[in-house]
Amino acid sequence: MLIAAIVHPERKSKDYVCNGMYSHSKKIMMSKDVSEFMREAIRLSINNVEEGKGGPFGAIVVKDGKIIARGVNQVTTSNDPTAHAEVVAIRNACAVLNTFQLDGCEIYTSCEPCPMCLGAIYWARPLKLFYANSKEDATAINFDDQFIYEEIAKPIAERKLFTQQILREEALEAFKKWSESTIKTEY
């Protein structure tokens, strides 16, 4: 069990973090439910490999203590480079809940999310995120996202992927219409 203290000098207090759970007390225990939910994400990742359906990644979405959606890596079976376990689980959960945000939900994923999945998770706005394997564990089996993290931090002109902004003035029309729209659904 990993426990870390976060000191708040301005409040003269400490918060404690235990396996991703925050508390004001050192008496933190990882709940049985959290472990069982993570075991389901891990089970999905193992099954995905054993069945030859994709990479070793699984994810679930939980709301009100119940699993509402599951996802496994489907990149190679769907020919979709965005079909990572977390994205698949988020899409499935949003379909179940008939919404584009995962308010009050928790995401459990068998591995620390890659930059794309982490972005999708932030956009989905769940309450909590739990992961098992680290990005370093993923790197050890040739799933290395460090290159992407480094590219994001670089100025556009220094990135490996040729990127050039064009027709900005024309594209701004859509943004202008969005900001003036009375029929939009904000997110």
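**View 1. Arg125, in the loop between H4 and S7.** Arg125 sits in the loop that links H4 to S7, in what is a predicted model. Coming just after H4, this residue has a phi near 60°, a positive value, and it isn't a glycine. That's worth a look, because most residues other than glycine have a negative phi. How accessible is Arg125? Its relative accessibility is 33%, so Arg125 goes down as partly exposed. One of the residues that touch Arg125 is Gln101.

**View 2. Asn142, in the loop between H5 and H6.** Here's another positive phi in a residue other than glycine: Asn142, near 75°. Its loop runs between helix H5 (135-140) and H6. Buried or exposed? Asn142 is exposed, because its relative accessible area is 72% and anything over 50% counts as exposed.

**View 3. Helix H4 and what covers it.** H4 spans residues 115-124, and its buried residues include Pro115, Cys117, Ile121 and Ala124. Which elements cover them? Among them are H3, S6, strand S7 (128-133) and helix H6 (146-153). Ala124 also turns up in the contacts of Gln101, shown in the next view.

**View 4. Gln101, tucked into the loop between H3 and S6.** Gln101 belongs to the loop between H3 and S6. With a relative accessible area of 16%, Gln101 is buried, since the cut-off for buried is under 20%. Leaving out residues up to four places away in sequence, Gln101 touches Cys94, Ala124, Arg125 and Tyr187. How far is Gln101 from Ile90? The two are 11 residues apart in sequence, and their C-alpha atoms are 9.0 Å apart in space.

View 5. Phe100 lies in the loop between helix H3 (85-97) and strand S6 (105-111). Phe100 is partly exposed, with a relative accessible area of 43%. For scale, the chain exposes about 12800 Å², with carbon and sulfur atoms supplying 56% of it.

**View 6. The largest nonpolar core.** This core has 16 residues, and the ones touching the most other members are Val61, Ile90, Ala93, Leu102 and Ile107. Strand S4 (58-63), H3, S6 and H4 each put in at least two residues. Which element gives the largest share? That's H3, with 5 residues. Zoom in on Ala93 and you'll find contacts with Val61, Ile68, Ala69 and Leu102, setting aside residues up to four places away in sequence. Another core, of 10 residues, lies apart from this one, and its members include Met38, Ala41, Val62 and Tyr108.

**View 7. Ser110, a buried serine in strand S6.** Ser110 is part of strand S6. Why does Ser110 count as buried? Because its relative accessibility is 1%, and buried means under 20%. Which residues does Ser110 touch, not counting those up to four places away in sequence? The list is Ala41, Ile42, Ser45, Pro56, Phe57, Gly58, Ala132 and Asn133. Ala41 is also a member of the 10-residue core.

View 8. The structure holds 0 disulfides. For Cys105, the nearest cysteine sulfur is that of Cys94, 8.1 Å away. Cys105 is buried, with a relative accessible area of 0%. For Cys114, the nearest cysteine sulfur belongs to Cys117, 3.7 Å away. That pair isn't a disulfide, because the sulfur atoms would have to be within 2.5 Å. Cys114 is buried too, at 8% relative accessibility.

**View 9. The whole chain, for orientation.** The chain has 7 helices and 7 strands. In sequence order, the pattern is β-β-β-α-β-β-α-α-β-α-β-α-α-α. How much of the chain is buried? Of its 187 residues, 31% count as buried. Take the contacts between residues at least 6 apart in sequence, and 42% of them join residues at least 24 apart.

Notes:
Residues numbered from 1 in each chain as written. Predicted model: local features only at pLDDT ≥ 70, side-chain atom pairs only at ≥ 80, totals over all residues. Heavy atoms only, no water. Helix = DSSP H or I, 4+ residues; strand = E, 2+ residues; numbered from the N terminus. Buried < 20%, exposed > 50% of the residue type's maximum accessible area, 1.4 Å probe, protein only. Contact = heavy atoms within 4.5 Å. Core = buried A, V, L, I, M, F, W, Y, C linked by side-chain atoms within 4.5 Å. Areas by Shrake-Rupley, 256 points an atom, 1.4 Å probe, with all protein chains shown as cover.
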